[in-house]
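Subject: Structure handover

Hello,

Please find the structure below, followed by my notes on it.

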Amino acid sequence: MTTSTAPVGVTPVRGRSPTARLLAAPAADLAAHVTTHGPLPVLGGPQLVALLEASGLAGRGGAGFPTWRKLADVPATATGSTVVVANGAEGEPASSKDAVLLADAPHLVLDGLVLAGTALGARELHLYAGAHALHAVRTALTERPGLRVTLTEAPDTFISGEESAVVRALAGGPAVPHDRTTRITRRGLGGAPTLVQNVETLAHLALAARHGAAWFRTVGPTDDPGTRLVTLSGDVAHPGVLEVASGTNLAALLRDAGTDPTTVRAVLVGGYHGAWVPGPELSRTELSVASLHRFGATPGAGVVHVLGVHRCGLTAAAEIATWLGEQSARQCGPCVNGLPTMAATLTRLARRSPDPELPREITRLAALVTGRGSCRHPDGTARMVASTLRAFGHDVSLHRQGRCEATPGQRR
Ligand code: SF4
């Protein structure tokens, strides 16, 4: 399925901030973990749902869905037959935060998995992640012999972490998405109601259960509380994974990472399915749902990919769109035909084709693929491409005249 190298690769480097919770004190073993965080409480289903609703915790896997809603969607009558899955698959090349979390705080993720499983009366617990990330979990599980968690290796593909793909992979099938009309929370693994939660979400859940909803809300804005793990990549002095308060200003985030925001052309927020925030807007933009809304972006899985002023935004976006087009499962029309055509058209624009119809054609293709797949891969790809035309409007005009603002060494 994959034919080219991902445009971005991130070396997991930990950075800690004063507001860090998940990565504040990585515990080497279970005893240290319990000393740091205290014993794990036991909560019933309604209790956990109420706590999560009061805390305002939203999923950290990308979609940002309220965590309590997902739990509440698992039928209470399914007690004893449900399945809970900790999802640490990071097919997103610009993200390493789940791998860092599993390496630094595997017991926190396991705590969250146990809490959710206990509250739902789960019959099975699973953890699904890349091979490297599973190593630390395996070691952590040796310290908890009474805990039975099935570990499954996630293939290194962009769509392997989509929740219906996760269920198929756990069932021994290919890690590709399934029909999205079926709610996994009602009919998932083996036909059982299945809760798939991102590993960072579960780690936050484990802390909120210990310290309460009010404590969780002491950091971040009211409508998007808590901390979040961020993977900084691209043209930034100190790339890597760090934990910041939701609502952190993007310019401040870059300065803390040793990068002058005035040297940035744009930042891709939320990942390859995210949207671009232009450099001049960084000081007025926070890493929160509300602040990013005007750019069509969300914090997503915490990806912040930086494009320096010397780079061409159209070229960078075309490379990402091409890679995304190659990542589909090629099950649905939009992925077989639409995404490669959209990427090729954007590539022509990036290469300064004088064809005046290209921007209109890209917009048409983005609208055409949206909502037409079995999963959100076409929608996310179209979102990033549409955002490219908005964020780099000036570059679009220049390219149509055969010019590019990027320095000659970086031009294509
Ligand atoms: S929309 Fe694309 S990625 Fe999603 S299931 Fe269909 S072919 Fe696969």
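C375 is buried, at a relative accessible area of 11%; buried means under 20% relative accessible area, exposed over 50% and partly exposed in between, with a 1.4 Å probe and protein chains only. C332 also counts as buried, at 14% relative accessibility. The structure holds 0 disulfides, a disulfide being a pair of cysteine sulfur atoms within 2.5 Å.

This is a predicted model, in which local features need pLDDT of at least 70 and side-chain atom pairs count only at pLDDT 80 or more, while totals for chains, interfaces and linings use all residues. Residues are numbered from 1 along each chain as its sequence is written, and side-chain values use heavy atoms, with hydrogens and water left out.

The protein is divided into domain 1 (19–216), domain 2 (227–308) and domain 3 (313–410), with bounds from an automatic or database domain assignment. Between the centres of domain 1 and domain 2, taken over C-alpha atoms, lie 25 Å. Their contact (heavy atoms within 4.5 Å) takes 20 residues from domain 1 and 18 residues from domain 2.

Domain 1 and domain 2 bury about 1,500 Å² between them, 60% of it on carbon and sulfur atoms. Buried area here is the accessible area (1.4 Å probe) that two parts lose on being put together, summed over both. On the domain 1 side, R60, A94 and K97 lose the most area to domain 2, together 31% of what that side buries.

Salt bridges between domain 1 and domain 2 number 0, counting a side-chain nitrogen of Lys or Arg within 4 Å of a carboxyl oxygen of Asp or Glu.

Regards
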